[in-house]
Amino acid sequence: TFPSLSANHSHCSRDNLLKTVVFPVLYSVLFLVGLSVNAVAAWVFFSIPSKSHFIIYLKNIVVADIIMTLTFPFKVLSDSNMASTLLRVFVCRVSSVLFYLTMYISILFFGLISIDRCRKTLQPFKGTNSARLARRKLLSAAIWIFLLGLSLPNVILTSKNPTSLYFKCSDLKTDAGLRWHEVVNYVCQVVFWGNLVTVIVCYTLITKELYRSYARTKSRISTGARRPMNANVFLVLAVFFVCFVPFHFNRVPYTMSQTRGLLFDCQLKLFFFQLKESTLFLSSLNSVLDPLIYFFLCKSFRTTLFKALRLAPGT
């Protein structure tokens, strides 16, 4: 049997309304919506040939989003205190690792999509060929292998058995696991900030080119005809900033509060935990916002979907 609840735990417990009720309800809705829209997206995409860099990247994001969505029920059960101890251990060792794995896969492919959109804007008539497509597929595989290799030790080194009913995931990590977790956090920060710079630079160049194009053609093309195209181009930027930026401003202090506990009192740890959970939910929204990118930016996706639904193109 486990020790009884300590006075310290009751004074500074994570089991508040936000964690045990609000977020489980939100994640349950997100799971139902995300599974539905991503199942449709996968069905549409995998009937489309990989004839462009953009489609290759989007297919990888679809796979990542489906895996992320499948982790939500485990989080719901764990956070709402409906899970057994064994299931909560599974969440710490496997489910949470898969969640973060798919998040950073999405971030890397967002960076590649931004580069691709920039290239298409600056060089609209430059085509592709089978050799370039093969290289993009190899790059995609390398991204998955790299992040899987980075994540696997987090599974292996989360090997301690819980000594209390009120354990945190960090309590299950060995000393090496805590150090590796911190290293992975900093690697992921490099991945995020590198891609953030890439996205900002690409969309700055896209904005300049679109403005120049608008200035050249405004006498021949009405403003109203161009606005939807311009807005659609910036969907990738909007989703990236909404979903990923808030979480990464909080991740370093939160990880330090978990791995260097002596530097933080209980209330400060709780604050960073609640901030992490709030911004993590924004990251989870990526799984239901990505289909907007597929629909508005990928003509092949839109055409195939309309065809399947027997709707006229442009409906």
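The questions and answers below go through some features of a predicted model. Because this is a predicted model, local features need pLDDT of at least 70 and side-chain atom pairs count only at pLDDT 80 or more, while totals for chains, interfaces and linings use all residues. Residues are numbered from 1 along each chain as its sequence is written, and side-chain values use heavy atoms, with hydrogens and water left out.

Q: How is the aromatic pair of Phe192 and Trp193 arranged: stacked, tilted or edge-to-face?
A: Rings of Phe, Tyr and Trp (its six-membered ring) pair if their centres lie within 6.5 Å, and planes under 30 degrees apart count as stacked, over 60 as edge-to-face and the rest as tilted. The ring centres of Phe192 and Trp193 are 4.9 Å apart and their planes stand at 75 degrees, so the pair is edge-to-face.

Q: Is Phe192 buried or exposed?
A: Buried means under 20% relative accessible area, exposed over 50%, and partly exposed in between, with a 1.4 Å probe and only protein chains counted. Trp193 is partly exposed at 32%. Phe192 has a relative accessible area of 0%, so Phe192 is buried.

Q: Why does the end-to-end distance of helix α3 agree with its number of residues?
A: Helices (H or I, at least four residues) are DSSP runs, numbered from the N terminus, and the expected span of a helix is 1.5 Å times one less than its number of residues. Helix α3 covers residues 53-79, and its 27 residues should therefore span 39 Å. The C-alpha atoms at its ends agree with this, because they are 39 Å apart.

Q: How many of the 27 residues of α3 are buried?
A: Helix α3 is mostly covered. Just after α3, Asn81 takes a positive phi of about 60 degrees. Within α3 itself, the number of buried residues is 20.

Q: Which ring does the charged end of Arg117 sit over?
A: A charge sits over a ring if NZ of Lys or CZ of Arg is within 6 Å of the ring centre and within 35 degrees of the ring normal. Arg251 lies over the face of Tyr100, at 4.9 Å from the ring centre. For Arg117, the distance to the ring centre is 3.9 Å, and the ring is that of Phe54.

Notes
Helix = DSSP H or I, 4+ residues; strand = E, 2+ residues; numbered from the N terminus.
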